[in-house]
Amino acid sequence: MEYILTVMVLIGINVILATSFNLILGYGGLMSVAHPIFYAIGAYCSGLLAIHLQIPVPLSILMGAGIAMVLSFGVSLPSLRVSGDYLVIASIGFQLGILHVINNLEFTGAAGGLTNIPVLNEGPSRSLVFVLLIAVVAACAVLLVGWIVEGDYGRAITAMRNDEEAFSALGRNAMNIKIVLFAIGSGMAGLAGALYAHYFAYVTPEQFGIFTSAALLTMVVVGGAATTWGPLVGAVLLTTLPQAITFLGLPVSIMAPLQGVIYTTLVIFFLFARPQGLMGGTRGGGGLEAWSASAAFRARRDAE
Amino acid sequence: MSGIVRVEDLHKSFGGIVVADDVNLSFEAGEIVGLIGPNGAGKTSLFNLISGVIPPDAGSIILEGHRVDQLPMHHRARIGLARTWQNTRMFHSMSVIDNMLIATRRYPGESLARILLRRRSVDAFRQEATEKAMVLLERVGLADKMHDMAIELSYGQQKRIGLARALMSDAACLLLDEPMAGVEGQAYETIIRVIREEAQAGRAVCVVEHNISFIRDISDRTVFMFNGCVLASGSVDELTRDSQLTDLYFGGEHPQ
Amino acid sequence: MLTWGILGQLLWTGFAAATYYCLFAVAFSLVLKVNKIWNFAQAGVMVFAYYSLLVAFRHWGLPLVPALVFGLLITLAVSLALERYAFMVFRDRNSSILTLFIFTIVFSEFSVYLTELAFGTEPQTLYPSLLWPVDLYGGIAISHWDLVALTVTAVLMLILYLFINRTRYGQYLIAVADNENLAEIYGISRKRAYGVSISIAAVLITAGMYLFGTKAALFPSTPLQHLLIFAVIATILAGIGNVFRAGIAAIALSLIQAFSILVIASKWQALLAYILIFVVIIFFPRGFALPRKLSGLVRPSGRSAAVAVADATRD
């Protein structure tokens, strides 16, 4: 029973991570590999604040999320003012750089990780309570993203993603939208990280590296970019599948890379065969649709 | 020259190829200027320089009295510039009406704060904007396609939507890049009428087209470009009578 | 105590290490220039190159030349497959840049996991022993590896330079890089140009990985997390489209990293590269030689930098 509850906590965390990543990548069309590091920043900052400054856990969680949101400007501001391509490069630098710092700093526990993080709640049914809490937070995350992307603002996001230059020629400032999406998405990742840290009481740098980045990409691409339910489906699938594989009883040194191979193969397969993901429709979807069959594309090709 | 748009000594080159060679040009309110020339003459590049897609190497661009050549694209658009594109550039995930609504001058609904705090004025604005979009779609003859996905329309239909979209912001200056290419027979007259109406309403319009009879029908003044230079300016008849120019246009060497 | 001897040694060692960085940077920059792709999948190609060389040297015990040929063939096969079955498909479909980015990064991640699965996560070297004969010249230790690396790199760069500037095919590559539609009108096959350019990159990558693997041990994730970073920074610093300058920029970066040992503890040296990314993006996004306009504040542009160069010449 405890095991099932733990898996449900993980599903909840992954739903928050995937939904927030979908906001940035699927809806915003912003390529960033740094989502795991904002997850890490939330976890580490919240943990450290609670340990060293004795800040009450609920407050430290919020502060962790806030710090993640503020640090996102460190990536978006320098790179987005140049061009969208540079965001991916800046995010690579940020992800690898901060990870390197966490891995080598005594203060964060270096490679061994941060231990003895105060938990959010205690008691005999702490897991159950936490599951309920996570469920509420995850639901709010999905609703928040849904609210952001509907209506006029959602139309602006879509237009910006479809054709940023034409969007700018209409008098819109694409950069503001990108910065907002990146900040909100990263803040949500930080929140997920802080919640994780105060449940499991222990985090290591390994959890925030390229493996997580591959897993998140898989959740969004396979689930369906720029859809409400896609990240949810992706998160559920990708949290439960590895649990199923553990029952095969393979040695750990095979398990991790095998999962990695499966994740990355899935992403590549979907990119070619079904870019709109499991939940995406064939028209009007996220930034990954192949619209080669469209009339305009044919016209443009013929006109040149 | 006091025009709505003034281009002075504009110069731009890319790795040895000069796309704008100290160009001087101006468009006034209420006039339609035709821009013709063979492929590679620099016509679309000029539009790209004026609208801000590419920055100039030297020279200045003045729009409604403001010096804009160092400003980003969206800033110039807000001062009073609207353009259409050779390959329509419809937003492919949206319907026709959404493509129109994204082009308004003001956009209170595109701010999260305002959606939260000023719900009613956002809704009222959307109502106004939708009505305006309907009127414009009606004028170009595509009101019935309002809810279709813009990308599913034919090339010519998308051209017409592009024109209607450019009119949503009431910009003082309109740059139309091949607005007639692909436009089917009956719609031809409609589009000519719309462009004339907009000029009469006081806009400065510049049209790039290869269809010479269209340019003759519509423009008050025509400019011939070649190799990034403005070679001649006058009426279409004057230009076509000049055998040197017709040689360049129809039989001339490619600039590149 | 800082002596000329130490500085000289650092300079020499920095130069020698710069060789493979130079090769990787030129490869990355060339593919960006001609194929118009930020090829983050290069890290994956580097992994395939390395491990095929590893199999040839350590598992099959092949002598030098057959092993290199084998490694080169595998690298060529992977590179050409990438170009033909991935990049070309995405181009034909007019896929978004986002799709390309995701694909290239995920491909590299895939390569890392595949090799971890097949070879384990322990670092491996190409030769059982990394000890090369060392001679002393005027107090500076010069290893035979250094000489091999410098010679190989210099020769490859010279051949590439002559190819690009003196042969017709090299000029075709430049034509396609500048304006691929116009090049097609003049009868130059775009696809072949893309294939040639990525093949050249494959050669440089194989050479670079051989040099690296005979000097140090490689983890499957090293190309993605360390080696490629310098290539990317160098490409931006040199200005997009300047392939040889990217090689020079890589050498400069390598020297900076070598000399940084004087001021930074070794465990923080890797951080230098990541910090440099931000320095370059903030201060030199268009390359090191700034235009005459203001420095520091570059006008935001929504276009991909590479695309802008390409269709600027289109009317």
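Is F110(C) buried or exposed? I looked that up before anything else. F110(C) is buried, since 23 other C-beta atoms lie within 10 Å. My cut-offs: buried takes 20 or more other C-beta atoms within 10 Å of the residue's own, exposed takes 12 or fewer, partly exposed is in between, and C-beta atoms are placed from the backbone.

**Ground rules**

I note that this is a predicted model, where local features need pLDDT of at least 70 and side-chain atom pairs count only at pLDDT 80 or more, while totals for chains, interfaces and linings use all residues. Residues are numbered from 1 along each chain as its sequence is written, and chains are lettered from A and ligands numbered from 1 in the order in which they are written.

**F110(C) and the A/C contact**

I placed F110(C) in helix α4 (residues 97–119) of chain C. Helices here are DSSP runs of H or I with at least four residues, strands are runs of E with at least two, and both are numbered from the N terminus. Leaving aside neighbours within four places in sequence, I found F110(C) in contact with V261(A), T264(A), T265(A), I268(A) and G44(C). Contact means C-beta atoms, placed from the backbone, within 7 Å. A41(C) is 69 residues away from F110(C) along the chain, with 9.7 Å between their C-alpha atoms.

Next I looked up the whole contact: 48 residues come from chain A and 44 residues from chain C. On the chain A side, α3 (57–80), α4 (85–104), α7 (164–169), α8 (174–200), α9 and α11 (252–273) each give at least two residues. That side splits into 28 nonpolar, 15 polar and five charged residues. For the bookkeeping, Ala, Val, Leu, Ile, Met, Phe, Trp, Tyr, Cys and Pro count as nonpolar, Asp, Glu, Lys and Arg as charged, and the others, Gly among them, as polar.

**Core and a helix check**

The largest nonpolar core has 286 residues, and F230(C) is among those with the most contacts inside it. Such a core is a set of buried Ala, Val, Leu, Ile, Met, Phe, Trp, Tyr and Cys residues joined through C-beta atoms within 7 Å. Beyond four places in sequence, F230(C) touches Y21(C), A25(C), A250(C), L253(C) and A273(C).

I also checked helix α10 (residues 230–246) of chain A: its 17 residues should span 24 Å at 1.5 Å a residue, and the end C-alpha atoms sit 25 Å apart, which agrees. The expected span is 1.5 Å times one less than the number of residues. Its buried residues, including L232(A) and L238(A), pack against α1 (2–27), α5 (126–148) and α9 (210–223) of chain A.

**Chain B, the four-stranded sheet**

I traced an open antiparallel sheet in the order β2-β1-β4-β5. β2 (17–27) and β5 (66–67) of chain B are at the edges with a single partner strand each, so one side of each has no neighbour in the sheet. Two strands pair if DSSP finds at least two bridges between them. β1 (residues 5–14) and β2 of chain B share seven bridges; R6(B) has S26(B) as its bridge partner, and F14(B) stands opposite I17(B). The hairpin of β1(B) and β2(B) has two residues between the strands, and G15(B) there takes a positive phi near 45°.

Also in β1(B) is V7(B), which counts as buried with 24 C-beta neighbours inside 10 Å. Its contacts beyond four places in sequence are V23(B), N24(B), L25(B), S26(B), I50(B) and I61(B).

**Chain B, the six-stranded sheet**

A second open sheet runs β6-β7-β8-β3-β9-β10 with mixed pairing. β6 (81–83) and β10 (229–234) of chain B are its edge strands. β6(B) and β7 (residues 173–177) of chain B pair in the parallel sense over three bridges, with L175(B) as the partner of R83(B). Helix α2 (residues 73–80) of chain B lies across β6 and β7, at about 110° to β6(B). The angle is between N-to-C directions, from 0 to 180 degrees, of lines fitted to C-alpha atoms, for helices over the stretch in contact.

Most residues other than glycine have a negative phi. I flagged D9(B), with phi near 50°; D9(B) is partly exposed, with 13 C-beta neighbours inside 10 Å. T88(B) also has phi near 50°, but T88(B) is buried, with 28 such neighbours inside 10 Å, and lies in the loop between β6 and α3 (96–101) of chain B.

Definitions and conventions: Contact = placed C-beta atoms within 7 Å.
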